[in-house]
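Dear colleague,

Please find below the structure I am handing over to you. A short account of the findings follows it.

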Amino acid sequence: MNVNDFMAKHGITDADLDRMAAPYEDGSFEPEPDGKVFSGSHLDAVGTRRVTVVYDAKDTQRVAMIARSKGVKPSSVYRDALEYYLAAQA
């Protein structure tokens, strides 16, 4: 789904987006009094790290097909493969 489809599905107009973004863009946004503001990646806060790995397209297509057949996301297949590899190294 692209941005235009998402906006149409939820009834959001460009004017709505401008109105919602204004406090962030003009610096007037105030977090809730008890809210916490974190800098950096949310992934750092939970002890994970994003990496980029390049695979052959035919392999990634095969992973996607297998994942779909099992009802999981391709990222689960990659995580399982890494876990298996690391366990084999112990």
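Asp 18 is exposed, because its relative accessible area is 55%; here buried means under 20%, exposed over 50% and partly exposed in between, with a 1.4 Å probe and protein chains only. The model is predicted, so that local features need pLDDT of at least 70 and side-chain atom pairs count only at pLDDT 80 or more, while totals for chains, interfaces and linings use all residues. Residues are numbered from 1 along each chain as its sequence is written, and side-chain values use heavy atoms, with hydrogens and water left out.

Asp 18 lies in helix 2 (residues 14–25); helices are DSSP runs of H or I with at least four residues, numbered from the N terminus.

The domain assignment, which is automatic or from a database, gives domain 1 (1–49) and domain 2 (51–89). Their centres, taken over C-alpha atoms, are separated by 30 Å.

Pro 31 sits in the loop between helix 2 and helix 3 (42–45). With a relative accessible area of 36%, Pro 31 is partly exposed. Between Pro 31 and Ala 81 there are 40 Å in space, C-alpha to C-alpha, and the two are 50 residues apart in sequence.

Val 51 is located in the loop between helix 3 and helix 4 (57–70), and its relative accessibility of 59% makes it count as exposed.

Yours sincerely

Technical notes
Helices (H or I, at least four residues) and strands (E, at least two) are DSSP runs, numbered from the N terminus.
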